[in-house]
Amino acid sequence: MSLVLGAIADDFTGATDLANNLVRAGMRCVQLIGVPDDDIALGAIDTHVDAVVVALKSRSCPAPDAVADSLAALEWLEARGARQIFFKYCSTFDSTDAGNIGPVADALLERLRATEPEERLRATQPERLGGGQTVMVPAFPANGRSVYQGHLFVDDRLLNDSGMQHHPLNPMTDADLVRVLGRQTAHPVGLAARSVLARGGDATRAHLEALAADGVRHVVCDSLDERDLEVLAEAVVDLPLVTGGSGLGQALPAQYRRRGWLAEVAEPGRLAPAVGGALVLSGSCSRATLGQVAHFLAHHPGMALDPLQLAEGGAHLDATLAFARENLAAGGPVLVYASADPERVKAAQQALGVARAGELVEQALGLLASTLVDEGVGRLVVAGGESSGAVVSALGIRQLRIGGQIDPGVPWTQAPRQGQAPLSLALKSGNFGGEDFFTRAFTVLDELTGEGRT
Ligand code: ADP
């Protein structure tokens, strides 16, 4: 198998976001969790895969660790023939002066440069002889993230006035990305301004080449709308490495198709038949999720998981399991939710401590998932970013085939299982999804697997 695109994402939900956009743009896509092992068998669900997105946890770890994991992922993707590498980070350019965007981009470029014979470079892309060049395209106009004169905006606010200046791990106090990146790399950083993009793909490519000839390694790119992203995709499709947010991911597949690298696939998000019980586990306390829980409970059975009772011993979890089993046997879908309003969350946190309360819930959700999937649940929706992480690791999942989306940013996925039908999983971060998400998810799954058709 030869991949068209190999992506390295610096966190799990960012990886899913990119993978979702690639599928929507016509690519068949698998997401891998963590640096892949050599023996991972891609295509256990469908032998055709155009893109692999490796989800790392490299956004906020020390830069040397982020570099090491990214290089290991690169090696794996290159061994599978990936024509282009995409380093995916957040559309708000989440990073600090210590990294990790600059150091990872530098390391990837240097490794890619080192693996190409010099004569070939001299003949085909002489501008890369100096160490290569890549672009920085964080913009995601559909989500209100745009870049103008190298300055990142979130809706109508500059990044440093968008709330991101208060981020607990990577406060973004400067919206000028040329300056921000300049603090993360020893190499020159340039700009491809909107005025250049307005002249089209060829002019933009010529601008990048002129910068490369001047030794500019990183080029921050303006983009205000989808059209700008299309122009950029056309200009950068031949670069070995591109970097940015999932907006660029949505624009690149059309260029791959123009090059003849992609087969026309009518339904890139089609999934294998889904079998087994339908369960929803919710550990998110976001406003959107609380609404989804209330909506579900008006139509289907559900039971609350209480961290205070979990702390008292195993009886509460046993009762929850018994409730879930009984209702799954009756046909489901069933909901188990720790989701609670801010007062109840605060009470639990005061009694147990913030970390302990979260841990108890995450452990319980992981145990419920692994037990009930062993017993026959085959369609599982999880609400909450951390909660999803806990469930995925309790289930030992390393790869997800990405299917069609339920709501923006949330696709159905399937994890292959030895000797069994794949497990269908929808992992929703807290604030995503409409009010009827938990019920509609299962209808959408039927459509994606062909079961909802007449
Ligand atoms: P979101 O995507 O909405 O941020 P997460 O799953 O990432 O959701 O985070 C929610 C956190 O809150 C998890 O660590 C979870 O264990 C914790 N949590 C869930 N329910 C409760 C509760 N009732 N009391 C205290 N903590 C809770």
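Me: How many residues does helix α3 have, and how far does it reach from first C-alpha to last?
Reply: This is a predicted model. In it, α3 covers residues 101-114, which is 14 residues. The helix reaches 20 Å from its first C-alpha to its last, close to the 20 Å expected at 1.5 Å a residue.

Me: Is α3 mostly covered or mostly open?
Reply: Mostly covered, with eleven of its 14 residues buried.

Me: Which ones are buried?
Reply: Ile-101, Gly-102, Pro-103, Val-104, Ala-105, Asp-106, Ala-107, Leu-108, Leu-109, Leu-112 and Arg-113.

Me: Which other peptide bond is cis?
Reply: The one from Gly-332 to Pro-333, with omega near -5°. Pro-333 lies in the loop between α12 (315-329) and β14 (334-337). For background, most peptide bonds are trans.

Me: Back to the loop between β4 and α3. What is the phi of Phe-93 there?
Reply: Phi of Phe-93 is near 55°, a positive value in a residue other than glycine. Most residues other than glycine have a negative phi.

Me: Is Phe-93 buried or exposed?
Reply: Phe-93 is buried, at 0% relative accessibility.

Me: And Asp-155, what is its phi?
Reply: Asp-155 has a positive phi of about 55° and is not a glycine either. Asp-155 sits in the loop between β7 (151-154) and β8 (157-158).

Me: Buried or exposed, that Asp-155?
Reply: Exposed, because its relative accessible area is 54% and the cut-off for exposed is over 50%.

Me: Switching to rings. How many aromatic pairs does the structure hold?
Reply: Six. One of them is Tyr-89 with Phe-93, an edge-to-face pair at 5.2 Å centre to centre and 80° between the planes. Both Tyr-89 and Phe-93 are buried.

Me: Now the ligand. Which residues come nearest to it?
Reply: Of the 19 residues around the ligand, Ser-284, Glu-362, Glu-386, Ser-387 and Gly-430 come nearest.

Me: What is the make-up of that shell by class?
Reply: Eight nonpolar, nine polar and two charged residues.

Me: How much of the ligand does the protein bury?
Reply: 80% of the 570 Å² that the ligand exposes when taken alone.

Me: Which elements give two or more residues to the shell?
Reply: α13 (342-352), α14 (354-374) and α15 (385-394). α14 gives the most, with four residues.

Me: Where is Gly-430, then?
Reply: Gly-430 is in the loop between β18 (420-428) and α16 (437-448). Gly-430 counts as buried because its relative accessibility is 14%, and the cut-off is under 20%.

Me: How far is Gly-430 from Asp-202?
Reply: They are 228 residues apart in sequence and 41 Å apart in space, C-alpha to C-alpha.

Me: Last one, Gln-184. What does its side chain contact?
Reply: The side chains of Gln-184 and Ser-95 are joined by a polar contact of 2.9 Å. The Gln-184 side chain also reaches the backbone oxygen of Thr-96 at 3.2 Å.

Me: Where does Gln-184 sit, and is it buried or exposed?
Reply: Gln-184 is in the loop between α5 (177-182) and β9 (189-192). Gln-184 is buried, with a relative accessible area of 7%.

Note on methods:
Residues are numbered from 1 along each chain as its sequence is written. This is a predicted model: local features need pLDDT of at least 70, side-chain atom pairs count only at pLDDT 80 or more; totals for chains, interfaces and linings use all residues. Side-chain values use heavy atoms; hydrogens and water are left out. The expected span of a helix is 1.5 Å times one less than its number of residues. Buried means under 20% relative accessible area, exposed over 50%, partly exposed in between (1.4 Å probe, protein chains only). A residue is near a molecule or strand if one of its heavy atoms lies within 4 Å of it. Accessible areas come from the Shrake-Rupley method with a 1.4 Å probe; for residues, only the protein chains shown count as cover. Ala, Val, Leu, Ile, Met, Phe, Trp, Tyr, Cys and Pro count as nonpolar, Asp, Glu, Lys and Arg as charged, and the others, Gly among them, as polar. Rings of Phe, Tyr and Trp (its six-membered ring) pair if their centres lie within 6.5 Å; planes under 30 degrees apart count as stacked, over 60 as edge-to-face and the rest as tilted. A polar contact is a pair of N or O atoms within 3.5 Å; within protein, one must be able to donate a hydrogen and the other to accept it, and residues adjacent in sequence count only if both atoms are side-chain atoms.
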